[in-house]
Amino acid sequence: MMVEFENGNFKFIFPNPKNVSEFSMTLFKGHEKKEICALHLSEGNAIPKSNVTYCQTTHSKSTTTFILKNLERKHMDMYTYCLEMFLPPPYVDCRLRETYLYIQDKEDCISMGLKPWIITGLIMFAMISCVCSVIACYLWNKNQQCESKSHEYNSEYMPMAAVNAAKTPRI
């Protein structure tokens, strides 16, 4: 058995039994083995049968394929394949093969796809904020130094010292 995923569809591909002129293949869903689709081959005529809208059967000389379309999370389950061989004798009862089909919600895919972008965006915002803060502090400190130095060296007026005049008593 081979399982393929293509264009949102799951394909279960089974080889046809060799040297058998009449056989039946059935695909069951769940542990209760609810039949969802089947194919019966008799005298070279393939007769497909489907009990659900999401299962389609195709047949070629070498393989039989069950195609499951438009699956949602509710379709996630154990799928069992059964092969019965009728002719030539002896009759071979159901040979079983099972596989578990996990279906991820589209919302899960979207949220998982967004997580790296959200984290990257937050990191970039933090880095840009830090760089802007450093530049703002540098410019503010440079401006403060320029203002204090301009009064000391390049001023027309000499700085004046505080003078305390001593009062002499008048007689």
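**Aromatic pairs and an annotated helix**

Select Phe 14, Phe 66 and Tyr 81 to begin: ring pairs join these residues into a cluster. The model is predicted. Searching the whole structure gives four aromatic pairs.

Colour the two residues by accessibility. Phe 5 is exposed, at a relative accessible area of 54%, whereas Phe 10 is buried, at 13%.

How far apart are the ring centres of Phe 14 and Tyr 81, and at what angle are their planes? The centres are 3.6 Å apart and the planes are at 5°. The pair counts as stacked because that angle is under 30 degrees.

Phe 14 belongs to strand E2 (residues 9-15) and Tyr 81 to strand E8 (residues 77-87). The two residues are 67 residues apart, and their pair links distant parts of the chain.

Are Phe 14 and Tyr 81 buried or exposed? Phe 14 has a relative accessibility of 1% and is therefore buried, the cut-off being under 20%. Tyr 81, at 5% relative accessibility, is buried as well.

Last, select residues 117-140. An unreviewed UniProt entry lists this span as "transmembrane region". In the model, residues 117-140 are 100% helix and 0% strand.

How values were computed:
Residues are numbered from 1 along each chain as its sequence is written. This is a predicted model: local features need pLDDT of at least 70, side-chain atom pairs count only at pLDDT 80 or more; totals for chains, interfaces and linings use all residues. Side-chain values use heavy atoms; hydrogens and water are left out. Rings of Phe, Tyr and Trp (its six-membered ring) pair if their centres lie within 6.5 Å; planes under 30 degrees apart count as stacked, over 60 as edge-to-face and the rest as tilted. Buried means under 20% relative accessible area, exposed over 50%, partly exposed in between (1.4 Å probe, protein chains only). Helices (H or I, at least four residues) and strands (E, at least two) are DSSP runs, numbered from the N terminus. UniProt positions are given in the numbering used here, feature names are shortened, and annotations may be inferred rather than shown by experiment.
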